[in-house]
Amino acid sequence: MYFTKSFIPILKNNPSEAKIKSHQLMLRVGMIKQSSSGIYSWLPLGFKVMKKIEQIVRDEQNKIGAQEILMPTIQSSEIWKESGRYEDYGQEMLRIKDRQNREMLYGPTNEELVTDIFRASVKSYKSLPQLLYHIQWKFRDEVRPRFGIMRCREFYMKDAYSFDISDDAAFFSYNKFFLSYLRTFKRLDLVAIPMAAETGPIGGNLSHEFVILAETGESKIFTDKKIFEVNSDDTKLEKQSLEELRKKYEKFYAVTDEKFNNEEFEKKVTEQDRLITKGIEVGHIFYFGDKYSKPMGASVDLTGGKKVFVKMGSYGVGVSRLVGAIIEAKYDDKNEVMKWPISIAPYDVSIIPMINKNDNTALEKSIKINTEFIKNNIEAIIDDSDENLSSKLKKMNLIGSPFQIIIGNQADGDTLEFKETGKKSTHIKLDEVIKIIKKEKEKI
Ligand code: 5CA
């Protein structure tokens, strides 16, 4: 991609309305544009990152055997009246009337709709478990939308739902999602801690929030630092191994302020291991048994003719919020340097030629390098603008490709000035550059 042909509307300075660094960078570098309060358009750079995050989330859902569906954004109020949540949900729900004066709504979440889909087709215990998910826009009319896409009204969420025959079987499903979340956030190069959480309007009595540490986070968290040492790498996708993994985490005190109890904290955590900080909730999982299946009549037949209401859980990941959360974790706002994890970077590498009037040598060399990159599945952005080197570097530091190549106008030698974004340059040959980038990409 040539910078001059791209749609990356970069601002010279930080926009004054943005209070946290992810919102600043996203507006600054033209990843999003607000269309009305808490509602955003996603421009190419932001959309590219979000789609890559979505793909990792999807891949990890598929790996635990969840099946993807797509439910609509607009739902009928009928099913919400059946579950009893139509009134309870209050003003956060955007209610709409169609031309027949039917009450509709823009889905804030999908427990009812997925239960309706399930009950229409699944009749026997033999079809269980079922794990279904979709990735779709949601709308919640938040009282105070803020921090850009971190707490907005329209947001992109992966929500999954599990259907099982018993509590025991349902905990197995719950634990599969628990593991898939740890794997997902790891692939995004984030350290996410699972924390016991309140269930709020979703309901139920077992719930974990997945929180990443960030000074600007909205949730206050209290945790034992030893939780960071838990390793999930050899966890197998079987009942016992998953149970053990969850226990390993639950051994350590880790809660948000809703569940915080100082006496318990001081009793369970030694003074040097106590960490009180802030975090961003990037995922939330719930187990709520028959809270929806009972009022909505979602049951399966057992042998002998008995019926049982299915036991359900739901599992959310804030796909659009993750874009902001990753910036909060990775952006050095003092030096204005962003370095995206390569798994989701909009471009793998920025090629920065110094272009003088009447001399196209550096640009031509950039194009040749890019041809080699394309052959090797490496995606580059070439800054073909006629700005000076320092403003090009500033701009590319904000765009955040994990690697940069700088090409001077005496660009005739066979080594290149190559750097990891934010670090010092080295001079190496193109095939070595390709090797380094490919190796980094293989780690994904
Ligand atoms: N039905 C359940 C699980 S599928 C559910 O809706 N859970 S939730 O309310 O916790 O939302 C799931 C995730 O969506 C949250 O962890 C958060 O990352 C994201 N999210 C929730 N509200 C917003 C919002 N207003 N703006 C951006 N992301 C949000």
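**Close-ups of the ligand site and a strand trio**

View 1. By class, the shell has nine nonpolar, six polar and seven charged residues (Ala, Val, Leu, Ile, Met, Phe, Trp, Tyr, Cys and Pro count as nonpolar; Asp, Glu, Lys and Arg as charged; the others, Gly among them, as polar). This is a predicted model, where local features need pLDDT of at least 70, side-chain atom pairs need 80 or more, and totals for chains, interfaces and linings use all residues. Numbering starts from 1 along each chain as its sequence is written, and side-chain values use heavy atoms, with hydrogens and water left out. In total, 22 residues surround the ligand (a heavy atom within 4 Å), and the closest are T109, E111, R140, E142 and E281. Strand β13 (274-289) gives the largest share, five residues (strands are DSSP E runs of at least two residues, numbered from the N terminus).

View 2. The side chain of R140 puts an N or O atom 2.7 Å from a ligand oxygen, and the side chain of H284 has one 3.3 Å from an oxygen of the ligand.

**View 3. β6 and its partners.** Strand β6 (residues 103-106) runs antiparallel to β4 (residues 74-76), with three bridges (pairing takes at least two DSSP bridges); I74 stands opposite Y106. Four bridges tie β5 (residues 94-97) to β6, also antiparallel, and R95 faces L105. Five residues separate β5 and β6 in their hairpin, and N101 in the turn has a positive phi of about 65 degrees.

Terms used: Polar contact = N/O pair within 3.5 Å; in protein donor to acceptor, adjacent residues only side chain to side chain.
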